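Notebook open, structure up on the screen. I want to look at how the parts touch each other.

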Amino acid sequence: MILTLTDVTKSFGALKVADGVSFSVPQGQALGIIGPNGAGKSTLFNLITGNIAPNSGRITFLGQDVTQRPAMARVRMGVGRSFQIPQPFEGLTVYENLAVAASFGQGRSEAAVTEDCIAILRDTELLRLANTQAGALSLLDRKRLELARAMATGPKLLLLDEIAGGLTEGECQALVATIKGLHARGMTIIWIEHVLHALTAVVERLLVLDFGKVIALGAPTEIMASKEVREIYLGMEA
Amino acid sequence: MRVTTSTRTGRIAGLSALALVALALALPAFASRAVIQDLFTILTLLTLAQLWNLLAGYGGLVSVGQQAFVGLGAYAMFAGVILMGLDPILAIPLGGLAALALSIPTAFFAFRLQGAYFAIGTWVVAEVTRLLIAQWKTLGGGTGTSLPREATSDILGVEPIRVLFGLREAAARDVLAYWLALALAVLTIAAIYALLRNRLGLALAAVRDNTEAAKSVGIDTTRIKWAVFLIAAFVTGLTGALIYVQTARISPDAAFSVTNWTAYVIFIVVIGGIGRLEGPILGVIVFYALQQALADYGAWYLLTLGLIAVVVMLFAPRGLWGLLSDRTGLHLFPVRRRLERIDLEGGK
């Protein structure tokens, strides 16, 4: 198991945003997370990355207990994340965005990461924009940059937060193809997404979150057929 | 494919800068004492502006309390001369060290605050320091004091300059101070430029653009802010000590003046162009020209400065250099990493 959460709980005041969450992700798997707005999906990511600390429970990554480790240390261990709303370093070029992420995420010199960055730019179809200032990018390219920058940190586990949201169908398919390519080469992925067909095109397992609780975990076809999930998530009468 | 920061304009600018520095070094041979004194002021303001630009423009730390480090640096130099009998030149490093020592507790306190609260927090620290220093009776208390005559009469290095240029002693002292100010300004700019070309420069820009995202790629944002704040304080302290070696007379109100050491400096950086090395250089020239042109108009001088600052912020938020650079693509100190290949868009 590359990542294991055991009984992780987090409250903001009276609101439980993670309520006894337990699950594991094996090496090389792609896990999708779905759930209504406010179910605690992004909070779950923040707990995994270390941006917020749980009130109780345990998080292990690569066999080590990382519950108390700061976010920066987890990045260096190999937890890479993309933000729901793209947060590029706007004053830097696309290439520089990757170079800084690679250099600090992997603790290597700038010169040593150049080749890696170029390969990632090629994979994410950003190479032609390498010298463009990130602030000037279109939404699709900003999303690509989120993915590319997360990749540049040298992750062993990649967390994608609604990366397909807001894209046109064609753009979405292009991005899905890129993510599929990364996964095919062995990248472990956890992906939060509302665009279900994008998600189910890639992931092997789906986790459903509601009010901070894991209410279902299993194969996508099973989950989507479950009566409970359809009621909660899709708001359908079964 | 390769990555480069080098450009043709950058190389030309580098050579011109070297020529300019050589000219500036030789200047005391043919310039009047008034010119040397004016240049001393310009160079020390330029150093302070580059340091404030490093803090605010690159580190995102908008400090309004840099006068704390100018003032304490100056007073530490005075203490070295008056209490320890040091040569004023040798006492200058004490200024840097004292400012560095003050910057550590200041950072502990001020880094708990964000944005405008941080700015005000640093100002409070500066005021507290000024009030404490004003209690120090040996160094003149609230009214201030002068460097003793025996300390200024044979400052290290003045005698050779006096003989070399055939000057009177006071003028030779100005030449020495001018050379030190030139060295400090050039070294500061060179060091900041080297920092920006290093990977730490990228990290600084990342922290400035988006602190949360910077953390998410493994940048230790806290450590970077500490480093920038401490370095800026140290060199600001050295500059403060040097300024008061030249004036040889100190008072808490002057040494801890928010107008002279922070407001003017912010004006210089903002109108020149924040977040660029060229900004403070252009800014200090504009500031000096305005000061000369408006010197006889009293309060109108400050009103005009304020008005110009507002207009520049509204219509050229990246300063005059930003405006010029956006129009022409000119960068005198290129730091941008460019991936070189013929089919890439946006080569600038």
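I began with the domains of chain A. This is a predicted model, so I kept that in mind throughout. Chain A splits into domain 1, which covers 3-78 + 155-232, and domain 2, which covers 92-152. Domain 1 is written as two stretches of chain A.

Next I checked the spacing. Going by C-alpha atoms, the centres of domain 1 and domain 2 of chain A are 24 Å apart.

Then I looked at where these two domains meet. Domain 1 of chain A puts 11 residues into the contact, and domain 2 of chain A puts in 11 residues. Which elements of domain 1 give two or more residues to that side? I found helix H2 (71-77) and helix H6 (169-184) of chain A. H6(A) has the largest share of the domain 1 side, with 4 residues. I sorted that side by class too, and got 6 nonpolar, 3 polar and 2 charged residues.

On to the chains. How many residues does each chain bring to the contact between chain A and chain B? I noted 25 from chain B and 32 from chain A. On the chain B side, helix H9 (199-209), helix H10 (211-216) and strand E4 (338-340) each supply at least two residues. H9(B) takes the largest share of that side, 6 residues. By class, the side of chain B that touches chain A holds 11 nonpolar, 5 polar and 9 charged residues.

One last jotting on interfaces: their size is often given as the accessible area lost when the parts come together.

Definitions and conventions
Residues numbered from 1 in each chain as written. Chains lettered and ligands numbered in written order. Predicted model: local features only at pLDDT ≥ 70, side-chain atom pairs only at ≥ 80, totals over all residues. Contact = placed C-beta atoms within 7 Å. Nonpolar A, V, L, I, M, F, W, Y, C, P; charged D, E, K, R; others polar. Domains from an automatic or database assignment.
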